[in-house]
Amino acid sequence: MSTGMLSIGITGIHAAQLGLQVTQHNIANANTTGYNRQYIQQSAGIPMQTGAGYVGSGANVDSVRRAYDQYLTQQTFAVQSQVSESDTLTAKLTQIDNLLADPSAGLAPAIQDFFTGLQELTANPSLTSARQSFLSSAEVLTSRFNFLADQMSDLYGSVNGEIANEVQLVNLYATQIGQVNEQITKAQAASGQPPNDLLDMRDQLVAELNKHIKVSTVEDSVGNFNVFIGNGQQLVVGNQVNELVPVNSSSDPERVVVALKGPSGTLQELPESLIQGGALGGLLRFRSESLDSAMGSLDAIAASLVLTFNAQHALGQDIDGLNANSPAGSGFAADFFTIAAPTVVADSATADPVSVSLQASGDPASGNFAVNWTGSDYVLRHAAGGDYTLTRTSDGTVFSGTTLAELNTAIAGDGLRIDDEPTVDVNYQIRPPQDIALNLKVNSDIAADTARIAIAAPSITTLGSNNSGSLTVSQGIAGFKSDGSRYSLPGAAGVTFAYNGTALTFPAGADVTAHYADGTTADGASGTVNWQNAGGSKIERISYNGITLDLSGNPVNGDSFKLLPNVNGVADNRNGVRLAALQTQNTTDGGKSTYQTSYASLVSKVGSETRQAKVTGEAQTALLEQSEAARSAVSGVNLDEEAANLIKYQQAYQASAKALQISTSLFDTLLGIMN
């Protein structure tokens with residue numbers, strides 16, 4: 001009996017001692033990140049059979065376990081990944097938002113100052129000071145475009161570097177998880193018991209990994225955590241790690257993307273959409289959804305400004321009387337702004353070269369003048385016996401025409417014109433100029449001589465000295481001919497339009513179109529057009545070789561007017577008026593927005609994305625706090641509870657020790673009787 005009591009006392013002391021050790025371990029790690037409270041699993045010993053029945057044999061400590069809820073832990077990991085992604089996204093978006101919306105450093109005030117300077121020049125076209133002031137505002141505008149684009153370019157480069165750093169951290173944590181996996185399997189194989197602290201360490205490594213990339217884990221039969229990213233790409237399998245590698249994109253060498261190195265060492269470039277969550281997912285999402293869009297929108301605004309302003313400027317005349325019809329080398333500066341030309345590469349070394357020009361679609365004289373800049377690459381092809389096609393690679397849109405002229409009409413809205421006949425059955429890769437806003441400049445000829453600013457118009461009209469009717473004719477607006485080419489001026493003697501009582505007559509062979517009040521038109525190539533059409537509508541506008549004249553009033557037989565080159569246009573401001581009007585015309589986004597409203601939309605879009613990211617981040621942070629609180633309620637160390645456990649196990653220890661003392665005394669008494 002005394003030996004039974006002795007062994008029971010020993011088991012009780014052992015159980016209480018382990019309980020005290022586990023409780024002390026909990027207390028010591030109360031503030032350890034990722035620690036899960038531990039407890040002993042205790043069971044009664046196998047009872048001994050006696051004549052009086054079964055008598056207990058004490059207590060056994062079967063295992064030391066973690067207070068662990070896998071669902072709550074996985075939920076916390078997932079929310080932590082979302083919080084890290086939102087924090088990164090918000091921080092980056094805030095940088096763009098602050099840059100674009102800055103009232104002094106943003107683009108809006110520079111655009112306004114540019115057109116204010118233009119209006120002042122238009123009011124005083126012959127003043128050198130007004131020309132110099134306008135040039136200064138133009139250079140401020142280009143500098144502002146350059147600055148904003150440069151800041152975004154720097155941010156783009158910074159994101160590339162941060163992506164590479166995040167990939168290194170992901171690899172570091174993945175390697176450590178693989179190492180801990182190996183330690184856990186060895187420990188469990190040696191003892192058959194869970195190595196709780198190693199399990200906590202692995203959970204914490206997975207938690208840290210989720211701050212950088214969203215992962216999922218699956219525990220295998222031997223206790224390994226197999227870690228996956230994306231839609232099932234293996235990152236860690238047992239103690240084997242598939243490394244992530246930052247590489248330059250195969251489609252854009254300036255873009256750093258993530259590739260997965262397989263066991264054989266081959267690299268598989270991962271689509272950005274597969275990398276989600278964590279700081280890495282936030283960086284990739286920011287770049288693809290916000291930064292790329294903002295840079296593209298800024299380039300689109302710059303392209304629209306350049307192409308429309310240049311097109312209208314080229315239709316004007318400078319203070320020295322030079323215009324687009326002046327001889328080559330005369331010094332006329334058609335383009336006010338300069339950007340690079342598109343790059344064209346044929347897939348055949350023997351193909352004829354093809355050049356591509358940038359242009360706005362429509363005729364400035366008609367007010368239908370816009371650019372739908374996409375920044376996309378294109379593929380040009382002329383199939384043998386077939387159509388000319390241009391494929392926009394960004395979305396697969398195909399433009400076609402049976403002739404090159406038809407194709408150019410179809411693609412004008414994208415700001416392109418094919419200048420040369422392509423070789424049959426050859427693919428031409430066309431890449432529009434990149435970084436337009438970054439490289440935008442004022443034409444160096446204009447910067448060197450403000451007299452080259454074309455504020456005047458190239459044509460004038462005069463009424464016949466013997467006119468007796470009420471006919472009036474505008475001075476003319478230069479535009480494009482019906483074939484899309486730029487206007488041409490008559491010779492120094494001009495061209496005379498005469499009214500013979502029923503029709504206008506003029507020299508035959510010119511590109512002439514009469515526009516009637518009811519919207520109908522008549523071709524005047526023969527040298528005559530009826531003053532009234534069959535419906536009785538009168539001519540209200542006539543276009544002669546790309547120069548449009550507005551007509552009103554009623555001529556009488558013998559009345560005439562003459563179209564002449566503008567040889568004394570020092571004080572003329574007609575082209576300046578049309579240039580200034582571009583500020584309020586819908587010339588961007590395919591004719592839907594002005595320069596300033598397009599920029600305002602960009603600022604609003606970025607601001608909305610920033611606010612949304614902040615609100616989402618705050619909601620996810622609150623959810624993370626709730627998840628951590630729920631997890632802590634199960635797994636966290638409660639010091640009051642542990643203090644109570646100390647007392648409980650202390651008393652159990654003391655009671656077992658007392659029982660052991662009694663059993664020893666009884667055993668000594670028994671020995672004394674036997675002696």
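How many of the 15 residues of H5 are buried?

**View 1. Helix H5 within the predicted model.** In this predicted model, helix H5 covers residues 196-210 and has 15 residues. Of these 15 residues, 13 are buried, so H5 is largely enclosed by the rest of the structure. From its first C-alpha to its last, the helix reaches 21 Å, which is close to the 21 Å expected at 1.5 Å a residue.

**View 2. Phe145 in the largest nonpolar core.** The largest nonpolar core holds 109 residues, and Phe145, Leu244, Phe309 and Phe336 are the ones that touch the most other members. Helix H4, which runs over residues 128-191, gives the most to this core, with 20 residues. When residues up to four places away in sequence are not counted, Phe145 touches Leu107, Leu298, Ile301, Ala302, Leu305, Ala437 and Leu440. Apart from this core lies another, of 25 residues, with Val473, Ala514, Tyr544 and Ile547 among them. In soluble globular proteins, nonpolar side chains tend to be buried together.

**View 3. The ring pair of Phe336 and Phe337.** A search of the whole structure finds 14 aromatic pairs, and this view shows the rings of Phe336 and Phe337. Their centres are 4.9 Å apart and their planes stand at 80°, so the pair is edge-to-face. Phe336 is buried, and Phe337 is buried as well. Ring pairs also link Phe336 and Phe337 into a cluster with Phe114, Phe115, Phe134, Phe309 and Tyr595.

**View 4. The ring pair of Phe497 and Phe561.** The rings of Phe497 and Phe561 have their centres 4.8 Å apart and their planes at 5°, so this pair is stacked.

**View 5. Charged ends over tyrosine rings.** Two places where a charged end sits over a ring are described here, one with Arg287 and one with Lys648. The charged end of Arg287 sits over the ring of Tyr156, at 5.9 Å from the centre of that ring. The charged end of Lys648 sits over the ring of Tyr649, at 4.8 Å from the ring centre.

Conventions:
Residues are numbered from 1 along each chain as its sequence is written. This is a predicted model: local features need pLDDT of at least 70, side-chain atom pairs count only at pLDDT 80 or more; totals for chains, interfaces and linings use all residues. Side-chain values use heavy atoms; hydrogens and water are left out. A nonpolar core is a set of buried Ala, Val, Leu, Ile, Met, Phe, Trp, Tyr and Cys residues joined through side-chain atoms within 4.5 Å. Buried means under 20% relative accessible area, exposed over 50%, partly exposed in between (1.4 Å probe, protein chains only). Helices (H or I, at least four residues) and strands (E, at least two) are DSSP runs, numbered from the N terminus. Contact means heavy atoms within 4.5 Å. Rings of Phe, Tyr and Trp (its six-membered ring) pair if their centres lie within 6.5 Å; planes under 30 degrees apart count as stacked, over 60 as edge-to-face and the rest as tilted. A charge sits over a ring if NZ of Lys or CZ of Arg is within 6 Å of the ring centre and within 35 degrees of the ring normal. The expected span of a helix is 1.5 Å times one less than its number of residues.
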